[in-house]
Amino acid sequence: MNTPPKVFLDTSVIFAAVLSPEGGERMVFRLGESRLVHLWIGGQVLKECEAVILRKAADSLPNMALLLDTAKVQIGAEASPTRLEHARQLVAYPPDAIVLAEAIESQPDWFLTHDHQHFLKGPTEELSFRVGTPGDFLRWFRENIVRQD
């Protein structure tokens with residue numbers, strides 16, 4: 001296998017992984033643990049995750065920290081004004097435009113999300129990376145990475 005794919009995670013994926021030890025979201029984190037993928041988030045994603053978990057499942061906050069640490073999730077640089085403007089042209093909702101700008105800044109191979117309204121049904125052809133769910137990514141991973149080894 002060449003360089004492991006770089007995967008940027010949206011808040012929805014992290015939240016689902018924190019709440020459930022099963023499922024595609026947690027499998028993505030296991031791939032990060034084993035360094036078969038490189039996992040990335042942005043500062044906005046981290047803030048959103050903390051806020052959502054504190055609001056919906058406060059006792060899970062330590063689990064989130066452990067999950068991010070164990071999977072060696074890296075935090076990308078703040079998005080440049082140019083990247084933010086590009087993202088705002090693609091996503092009208094300001095918080096999600098910031099997340100998309102952070103993803104663009106990180107230059108991943110994949111952006112994983114469950115947000116159908118702003119990301120999965122959006123104009124992704126203008127992006128240099130694939131946008132999909134953890135299930136989409138895992139299917140691609142099995143077909144393109146596992147079969148090569």
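The following questions and answers go through a predicted model.

Biologist: Which parts does the pair of Glu105 and Arg83 tie together?
Modeller: Glu105 is partly exposed at 25% relative accessibility, and Arg83 is partly exposed at 28%. Glu105 belongs to residues 94-106 and Arg83 to residues 81-90, so the pair ties together parts 22 residues apart in sequence, namely helix H6 and helix H5.

Biologist: In which helix do Asp136 and Arg139 lie?
Modeller: Their side chains meet in a salt bridge with an N to O distance of 2.7 Å. Asp136 has a relative accessible area of 29% and is partly exposed, and Arg139 is partly exposed at 43%. The two are three residues apart, about one turn of the helix, and both lie in H8 (residues 134-144).

Biologist: Where on H8 do its buried residues fall, seen down the axis?
Modeller: The buried residues in H8 are Pro134, Phe137, Leu138, Trp140 and Phe141. Their directions stay within an arc of 160 degrees, so they line one face of the helix.

Biologist: What covers the buried residues of H8?
Modeller: Pro134 and Phe137 are among the buried residues of this helix. The cover includes helix H1 (11-19) and helix H2 (24-33). It also includes strands E1 (6-9), E4 (110-112) and E5 (130-132).

Biologist: Is Glu25 buried or exposed?
Modeller: Glu25 is placed in helix H2. Leaving out residues up to four places away in sequence, Glu25 touches Val13, Ala16, Ala17, His114 and Pro134. The cut-off for buried is under 20% relative accessible area. Glu25 has 14% relative accessibility, so it counts as buried.

Biologist: What distance separates the C-alpha atoms of Glu25 and Phe15?
Modeller: Glu25 lies in helix H2. Along the chain, Glu25 and Phe15 are ten residues apart. Their C-alpha atoms are separated by 8.9 Å.

Biologist: What is the phi of Arg35?
Modeller: Most residues other than glycine have a negative phi. Arg35 sits in the loop between H2 and strand E2 (38-41), and is partly exposed at 32% relative accessibility. Although Arg35 is not a glycine, its phi is positive, at about 65 degrees.

Biologist: Where is the place of Lys72?
Modeller: Lys72 is not a glycine, yet has a positive phi of about 60 degrees. At 37% relative accessibility, Lys72 is partly exposed. Its place is the loop between helix H4 (61-70) and strand E3 (74-75).

Biologist: How much space lies in the largest cavity?
Modeller: Rolling a probe the size of a water molecule over the atoms shows where empty space is left. With a threshold of 30 Å³ or more, the count comes to one cavity. The space in the largest cavity is about 60 Å³.

Biologist: Which residues are the closest to the centre of the largest cavity?
Modeller: The lining divides into seven nonpolar, three polar and no charged residues. Of the ten residues that line this cavity, the closest to its centre are Leu100, His118, Phe119, Thr124 and Leu127.

Terms used: Residues numbered from 1 in each chain as written. Predicted model: local features only at pLDDT ≥ 70, side-chain atom pairs only at ≥ 80, totals over all residues. Heavy atoms only, no water. 1 Å grid on protein atoms, 1.4 Å probe; cavity = no way out; pocket = protein on both sides within 12 Å on 5 of 7 lines; lining within 4 Å. Points joined across faces, edges and corners; volume = space filled by probe spheres on them. Nonpolar A, V, L, I, M, F, W, Y, C, P; charged D, E, K, R; others polar. Helix = DSSP H or I, 4+ residues; strand = E, 2+ residues; numbered from the N terminus. Buried < 20%, exposed > 50% of the residue type's maximum accessible area, 1.4 Å probe, protein only. Salt bridge = Lys/Arg side-chain N within 4 Å of Asp/Glu carboxyl O. Arc of directions from axis to C-beta. Contact = heavy atoms within 4.5 Å.
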